[in-house]
Amino acid sequence: MNQVSALSPQSRHLFAKLRHFADQKTISNGKSIHAHLLKTATFPTCSILSTTLLNFYAKCHLFSDARRLFAETPYKQNAVLWNVLINNYSQLGLAHHSLSSLQLFKQMLRHGSLPNSHTFAGVFSAAVVLEDAVMAHQAHSLVVKLVESGDVFVYSSMVNVYAKLGFLDEARNVFDEMPVRNSITWSTMISGYASRRLADKAFGVFRWMLSGGAEEETNEFVFTSILSAFTSPEFFNMGKQVHGLAIKNGLSEIVSVGNAVVTMYAKCGSLKNSIQMFELSTEKNSITWSAMITGHAHNGEGEKALALFHDMHSHGMKPSEYTLVGVLNSCSDTEQINIGKQVHAYLVKAGFEHQMYITTSLVDMYAKCGYIVEAQKGFDYLHEPDLVLWTSMIGGYVQNGDNEKAFSLYCTMQTKGIAPNELTMASVLKACSSLSSLEQGKQVHAHVVKNGFSLEVPIGSALSTMYSKCGALEDGYFVFRRMPSVDVISWNAMISGLAQNGFGNEALELFEEMQRENAKPDYVTFVNVLSACSHMGLVDRGREYFKLMFDKFGLAPRVEHYACMVDVLGRAGKLLEAREFIESAANIDHGLCLWRILLSASRNYRDFEMGIYAGEKLVELGSSESSAYVLLSSIYSALGRLEDVERVRRVMNTRGVSKEPGCSWIELKNQVHVFVVGDLLHPEIKDIRQELWRFSKVIMEDELDYETVLEE
């Protein structure tokens, strides 16, 4: 400012005007002053006005003009000129501008101009955008050489770049070595840990800040940073303590802190507290509404989230892109496709459709609602989809049962050189499980190892499930035992695999081990356990586990558990008890499935009377599945009651029930071949049919020879 005061009154006036036009981005007025400076030969002779003029062009994003002006300016030994361009490029947060910023920094060093704190701040910002760890480390070396350790500004920028690039150990080393720290430094370190879900470490830094005499530095930025670290129920008490401290320090009334509190309680599973804080908020902005909408969606309250979005709109509050992401997630969870389409139309009107995370949420919403064609259109709309979008599309195909397409899309993703993440691999492994494709599953396992993923959840669970469903129990069990931490999904996968492959006793032993490990079973666990009892004919243990669900774990049996129990009794031949069990389940809306299971068991035990009873129940309830009518018809046919056979067939025809075509598939040479009854689309169908006819002739000839031998 001393240099400015040394200017003439007219030059000071031009200086002030240029700064004003730069802030307001008034290009025509700024160019008029530029013309005046050229006319009066003030440019480039006056370094202050030349620098201010350069700043005007850079702030107005006229970088071509700025670069030409820079080339004409003789004061390149002055770091300020370089800083103007470097910082204005990096502040835009775009990759190509950040690259220009780093290129200018290299030119600056070659030119012999020494960078200062402001230079390094711009360089570190550009390195974050480009995720350039090499440049971050090189700039760090120069900082150590050129900048004093007490420079809080530049060292805070260094903590920020390391934290955002994921080098938290380096960030912490820089942080620990700083002799002086301000609120930005503390909040940056806390945010770094929070962004990597290291809540304990973030809370540790926060406590150190309070106990180390830096309590006066605790402002709203520090509190929003630490509150963002608490994202699961286990951190509820920590979050509550921080909330209490914010109230004590008088910061809870600040909108950003209030929003962070609303989000924290919702993510920690305390929706009641989240709603209370939302209602107490006197200054709700779009972020407050977004936090509440996302909180409801996060806690499975999709209907209420959509109602909140309607209220937000009624209050004249304009939603942000983050609000719309929360609303689309709610539509996904509740499968409200009509509302989802309305939100889609709204965001197109608002100009959000080009944003990557919006498109990703749209693809996810359409896929989860079963509209896979629309999801694919959204995916194709972006010429360069990112990893999250690829993962959403692959997961969408898996969810909709098109596992071949999911695997094909994963292969395309690989050819484009896009590295997968844990969720991508989990979805592809699920596709392999559904296809029972062991060879492809092994190849995906190799990709898991190649990409350096550990056996943490969800990959460990997905691998264990894949091997179990493909019948490779030893491999599944090996993966299961090597997992560093086992969640309920992993336990379920292994118990299910053992039960379905004839190892019922081992499945039940694993369930007992699960209880000893204090792992809480869920509804799926008991379906698997009861299924194991069914396969092994363990009626008494089945009853015991069915009772254990509610008595010990507070899980009210659902229709699938009742179905398992009917199957347990039916397989054991206790058909009358099964019937009584079904009729006692009046409080469960079991539809038709329980009677269907009893019908099948009655056929197996040739108890025609019970079969007729169950079959007629299905007809009476309006079953739309052909199997019920076919089974009942076959029972009547076996009894010679042809009139009843005709009656069942008439009912079947009247209701438009048709037998679903059978489908099977086989994997040969890493390719899955799918066959459907009556389908002639397979490229080698003619050769296949000829070969089947040859086998049929051989079988018929063998049967004739066998009958001849018997007669002789």
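Student: Which residues are linked with Arg641 in a network of salt bridges?

Tutor: Glu616, Asp644 and Arg647 are linked with Arg641 in that network. Keep in mind that this is a predicted model.

Student: How far apart are Arg641 and Asp644 at their closest N and O atoms?

Tutor: The closest N and O atoms are 2.9 Å apart, and the two residues form a salt bridge.

Student: Is Asp644 buried or exposed?

Tutor: Asp644 counts as buried, because its relative accessibility is 17% and the cut-off for buried is under 20%.

Student: How many salt bridges does the structure hold?

Tutor: The structure holds 14. One of them joins Arg172 and Asp176, with 3.0 Å between the closest N and O atoms.

Student: Where do Arg172 and Asp176 lie?

Tutor: Both are in helix 11, residues 168-177. They sit four residues apart, about one turn of the helix. Arg172 is partly exposed at 22% relative accessibility. Asp176 is partly exposed too, at 37%.

Student: What about Glu577, which side chain does it meet in a salt bridge?

Tutor: Glu577 meets the side chain of Arg543, at 2.6 Å from N to O. Glu577 belongs to helix 35 (residues 575-584) and Arg543 to helix 33 (residues 539-553), so this pair ties together parts that are 34 residues apart in sequence.

Student: How accessible are Glu577 and Arg543?

Tutor: Glu577 has 29% relative accessibility and counts as partly exposed. Arg543 is partly exposed as well, with a relative accessible area of 32%.

Student: New topic. Which residues touch the most other members in the largest nonpolar core?

Tutor: Phe206, Phe230 and Leu463 do, in a core of 154 residues. Helix 10 (residues 152-164) gives the most to this core, with eight residues.

Student: Which residues does the second core include?

Tutor: The second core is separate and has 58 residues. Val529, Val568, Phe581 and Ile582 are among them.

Student: Let's look at Thr73. Where is it?

Tutor: Thr73 is in the loop between helix 5 (63-72) and helix 6 (79-91).

Student: Is Thr73 buried or exposed?

Tutor: Thr73 is buried, because its relative accessibility is 2%.

Student: What lies 2.7 Å from a polar atom of its side chain?

Tutor: The backbone oxygen of Leu69 lies at that distance from the Thr73 side chain. Setting aside neighbours within four places in sequence, Thr73 is in contact with Phe43, Ser50 and Leu81.

Student: Last one, Leu631. Which helix is it found in?

Tutor: Leu631 is in helix 38, residues 626-638. At 14% relative accessibility, Leu631 counts as buried.

Student: And what does Leu631 touch?

Tutor: Leu631 touches Leu599, Ser600 and Arg603, not counting residues up to four places away in sequence. Leu631 and Arg596 are 35 residues apart in sequence, and their C-alpha atoms are 9.6 Å apart in space.

Notes: Residues numbered from 1 in each chain as written. Predicted model: local features only at pLDDT ≥ 70, side-chain atom pairs only at ≥ 80, totals over all residues. Heavy atoms only, no water. Core = buried A, V, L, I, M, F, W, Y, C linked by side-chain atoms within 4.5 Å. Buried < 20%, exposed > 50% of the residue type's maximum accessible area, 1.4 Å probe, protein only. Helix = DSSP H or I, 4+ residues; strand = E, 2+ residues; numbered from the N terminus. Polar contact = N/O pair within 3.5 Å; in protein donor to acceptor, adjacent residues only side chain to side chain. Contact = heavy atoms within 4.5 Å. Salt bridge = Lys/Arg side-chain N within 4 Å of Asp/Glu carboxyl O.
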